[in-house]
Amino acid sequence: MRYLAIVSVLLGLFFVNLEAAAEKKVGFTDAQVAEAVKKAPKLPIYDSISEDFEINVKLVDFIDFTDPNDFHDLFDRGTSKIEEGPAGKYRVTAAHRHSLVSVRWKADEKDKPHLLVWEYPDDAERQICFFTHESKLSGRRNIDWSLETGVNCGHPLPLTNNMQYHTFFFWPTDNYPVAMYMNWARNKVPAAASRLWVYRVEGDHLPPLQVEEPDPENPRIIGGIHNWSLVPTKGIFGLNRGTVMDHIAEYHAFRGDNIISWPVVSNNTWGFRCKIPSWDGGNGRDTVELEQILAACEKHKIKFMPVFNTGIKFKMKGKDNKASSQAERRANIEQGFKEFINTYGKSKALYGIAFETQDLSPKYTECSLDEFRKSFGSLKAFSDFMKSIAPDLELYHYLGSKNIHAQYFYDGDQVFKRWEDSKKPWSEHLAGEVNAYWKTNQRDPKELANDGIHTVLSYQSDDYKIFDTYYQNPRAMTYWDLEASQARSDLFDTRKALIWNTFYEGYIGLAPTNWLYLKVWVAPDFNPAGPHALAAWMQSMQHRDRDMLLFGAWNNKGAGIESKVRKMAKAFRSLPPTELKDVAVIGDSPVKVRSTQFKGKTYVNLVNNTTYAHELSIGSKKVMLSPYTMETLILDGKKTVKAKGKVNADYVRWLNTRLDAFYASYERLRALDKSAVPAAYLKHYEIAKALCQDKKYYAADNALGHGVQEEINLRISILKPRELTVPKHSSNAALTADLNAWPKQAADWKTESEHIGTHLFFPNLWHGDKDLGARIRCFHDGETLHFGIAVSDQTLTAKDACAMYFSGENYLKYATNSEKYESNIAIGIPRSGKELAISGKYGAKGKVTKTKAGYTAVFSVNVKELPLKDKSIGWLFMATDEDNNKHLNPASWARKQVLMYPNDPNFPYWSDARTCVRLILDQ
């Protein structure tokens, strides 16, 4: 198995050609809805919603997922159940990726703003995706989107063990839309939700956030970027082409944004959303979109910044860059920009022009900046040309990793090896690694400093979660520490930042069974749960006082947490354009304090970039800052700002707990293998411990980070993997396909939902053990190791497969990024006949018998031929299942699901021996 080529995913070459379905009937009545509304409990945060959002709402539906008698149509494949935990009572999904619970709810009126409020528990390491769906979406991959967002509960942030609330502003197209919550990518820890309140926004209007900006002609810029206009215009803000642009601009103004951005020029991938004839952009319905969004932005008094993707294979006058001379390219580029400025330059909403969205543009060395450098001789020559035709239009480029799905550190093993040898603090080492990466990709910070194009530093805040499952990179927590690196931020002298999501997709393959409409693919944006939701934004502000904060992704970054975004936007936009300077804080508070004076007033900005609330005194005024929030104080006159505060004791306890855990892990790994923890690891701990003892708590938190701890844990998991014992038993009895007749002394292992493997493009449409499950029995007699495996699989197809994997040494190697299984025994599947023989490595022999439930394999291997070490060997059982599913990812390797026993993946289970457990032959 391997991932679908990225280009194929992006270009959507394998669309499912289906028409939008008609809305299906529901099994409940409007009278039942009215009664539910009448009896609905008060939303625990209703008062704060009314205050935060400054809107009036009326309840129009209420769903209780914890009530088994709730009348709403609910679809869960029969795998969800009601449980109680620290946060309360809730309904959990199954414990595998893409397991879901979905429900239909009653809209009050089509194409009018509704507010959905999800209640979910923040009491386990959950990854919960919330999304919507409607009948008029066709289900086509990379064409249809719904409102798709999610939360990461827990690690590396503390759990609150309380219910939290996730908000959706939505313009329904159906009378009875679908709402879903899903276990996005976790094994063993299911998604969960408790209740769902549905409100209609009274007045059918979202009022703009009111902010008194110190300099309205030169405000601080904050707002949302979508990486393609088709995303917000197809399902997030409704499907009515006549109203959707207005909904988009209204929502962003309501949220507190004063800018919207998305690509409008890209004929090398997604096409044009504006008219530039000399660039072969001017035909089709979509080329009027820029006019429409500029008009909507003018109406709602916000700005729009178009993004240009004009790199490799970009066509001008019928030729791409390889078919044109440098002089031709320059002349054509100049002509196209002149056409653009002549057509759109007079719009009051046009803010500037940006280059490259990382999810849509070609990779670095092949994108717009590289093309301009080649065609004009330098970026400065290009920016001088742009100033000559549009003096008031600023230019920007987004800088992060080089393109879609691209990790900064593909060689994670070597990143750690170089750090172990460098004697540098971890955070500084990561900055150096990124600097080398940027230079390799022609993004040298020094060379870009004076080119006339503003660098917008991308905080790819979800990478630590994306890459741990996207590529099954167990070193992905390194990216959390990279985001926290002050040294990385300091590489670019820029006050402009982008909070970006690296396109987190999943192929869920939902078929239109029951009332559920076809939906094959989603790409939600995630933030930390509850009070930690704005962690990425505050991390950016911790590093530098910013004058531009953009945030975006494939879907709608900031959706679900609008209340927090509005408060942040108000605090940010209330600041003057001048850069604030640090204020020394008396005491041990970790809060960052900055101030400046502007037009006879003193402005104080407070940033809490920690996991706990802290109280601070600014003069005689006390301010309580919640986790990951900021406040702005405005004082009359020119004041000398004095700040004083103490650290929250809970933050200190949490930090000390992490320090203790780090040292305990260090000692445990040292006991396993001293060479696995060079001196750099102890020094890392000692630096953080000393800072904590000096009461420099934020510095200690940042110095300790999480990536080094995860590396130690990874090495422990490899050097001391999970152990399963095979009993020793002598038996002359014939071993048959009836596993109940096997000796009672034999091991007896059974799979559950948590043994369905995580895979980005496997829908995992699992509906119980009969769909796919296994029972494994085994024992040995000193000479022979016997296995009996009964697999339940309702539909046997040509693409189903089954195998047992073994590893003698590779599964115990920690220092590399890849280690292959040394061997496997294929278990044939008798699809038409009754039996198949098994033979292979280690003298394997036996047979597979077809059963009513699926098939049963009974075979043995020669113990003396096994590459045993201390009477043990690496081992894994795996079965893949296809079921002739019509809505799989369109790739030859795609399957419906895969079953593993056990399921403790770190590296990719389909190729890496470190997924094995240690199978011990009892003596």
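Is Ser-595 buried or exposed? I opened the predicted model with this residue in mind. Ser-595 is buried, because its relative accessible area is 17% and the cut-off for buried is under 20%.

**Entry: Ser-595**

I placed Ser-595 in strand S26, which covers residues 592-598. I then listed what Ser-595 touches, leaving aside neighbours within four places in sequence. The contacts are Leu-580, Lys-581, Val-583, Tyr-603, Val-604 and Val-641.

**Entry: the whole chain**

I stepped back to the overall figures. The chain holds 21 helices and 43 strands. Its radius of gyration is 29 Å, which agrees with the value near 29 Å for a compact globule of 923 residues. Along the principal axes, the C-alpha atoms fill a box of roughly 95 × 70 × 65 Å.

I looked up burial next: 63% of the 923 residues count as buried. Among contacts with a separation of 6 or more, 77% are between residues 24 or more positions apart.

For charge, I noted 119 positive and 112 negative side chains. The centres of these two sets lie 2 Å apart.

**Entry: helix H17**

I picked out helix H17, residues 562-573. H17 has 12 residues and reaches 16 Å from its first C-alpha to its last, close to the 16 Å expected at 1.5 Å a residue. How many residues of H17 are buried? I noted 9 of the 12, so the helix is mostly covered, given that buried means under 20% relative accessible area. The buried residues include Glu-562, Arg-566 and Arg-573. Also on the buried list are Ser-563, Val-565, Met-568, Ala-569, Ala-571 and Phe-572.

**Entry: backbone exceptions**

I went through the backbone angles with one general point in mind. Most residues other than glycine have a negative phi, and most peptide bonds are trans.

I noted a cis peptide bond from His-155 to Pro-156, with omega near 10°. Pro-156 is in the loop between strand S8 (148-152) and strand S9 (162-170). Another cis bond joins Tyr-901 and Pro-902, with omega about -10°. I found Pro-902 in the loop between strand S42 (897-901) and strand S43 (917-921).

For positive phi, I noted Asp-280, whose phi is near 60°. Asp-280 lies in the loop between strand S14 (259-265) and helix H6 (289-299). With a relative accessible area of 41%, Asp-280 is partly exposed.

Lys-871 also has a positive phi, about 60°, although it is not a glycine. Where is Lys-871 placed? I located Lys-871 in the loop between strand S40 (854-862) and strand S41 (872-881). Its relative accessibility is 46%, so Lys-871 counts as partly exposed.

I moved to strand S4 (residues 88-92), where Val-92 lies. Val-92 has 1% relative accessibility and therefore counts as buried. Beyond its neighbours within four places in sequence, Val-92 is in contact with Ser-80, Lys-81, Glu-83, Arg-126, Pro-190, Ala-191 and Ala-192. I also checked Val-92 against Met-386: they are 294 residues apart in sequence, and their C-alpha atoms are 55 Å apart in space.

His-96 sits in the loop between S4 and strand S5 (100-104). Is His-96 buried or exposed? I recorded His-96 as buried, because its relative accessibility is 0%. Not counting residues up to four places away in sequence, His-96 touches Asn-183, Arg-186, Ser-753, Ile-756, Asn-764 and Trp-766.

**Entry: His-133**

I looked up His-133 and found the residue in strand S7, residues 127-133. His-133 counts as buried, because its relative accessibility is 1%. Which residues are in contact with His-133, leaving aside its neighbours within four places in sequence? I listed Ser-146, Pro-177, Val-178, Met-180, Tyr-517, Leu-518 and Lys-519. Finally, I noted that His-133 and Glu-54 are 79 residues apart along the chain, with 27 Å between their C-alpha atoms.

Key. Residues are numbered from 1 along each chain as its sequence is written. This is a predicted model: local features need pLDDT of at least 70, side-chain atom pairs count only at pLDDT 80 or more; totals for chains, interfaces and linings use all residues. Side-chain values use heavy atoms; hydrogens and water are left out. Helices (H or I, at least four residues) and strands (E, at least two) are DSSP runs, numbered from the N terminus. The radius of gyration is taken over C-alpha atoms; the globule rule is 2.2 Å times the number of residues to the power 0.38. Buried means under 20% relative accessible area, exposed over 50%, partly exposed in between (1.4 Å probe, protein chains only). Contact means heavy atoms within 4.5 Å. Lys and Arg count as positive and Asp and Glu as negative; His and the chain ends are not counted. The place of a charge is taken as NZ of Lys, CZ of Arg, CG of Asp or CD of Glu. The expected span of a helix is 1.5 Å times one less than its number of residues.
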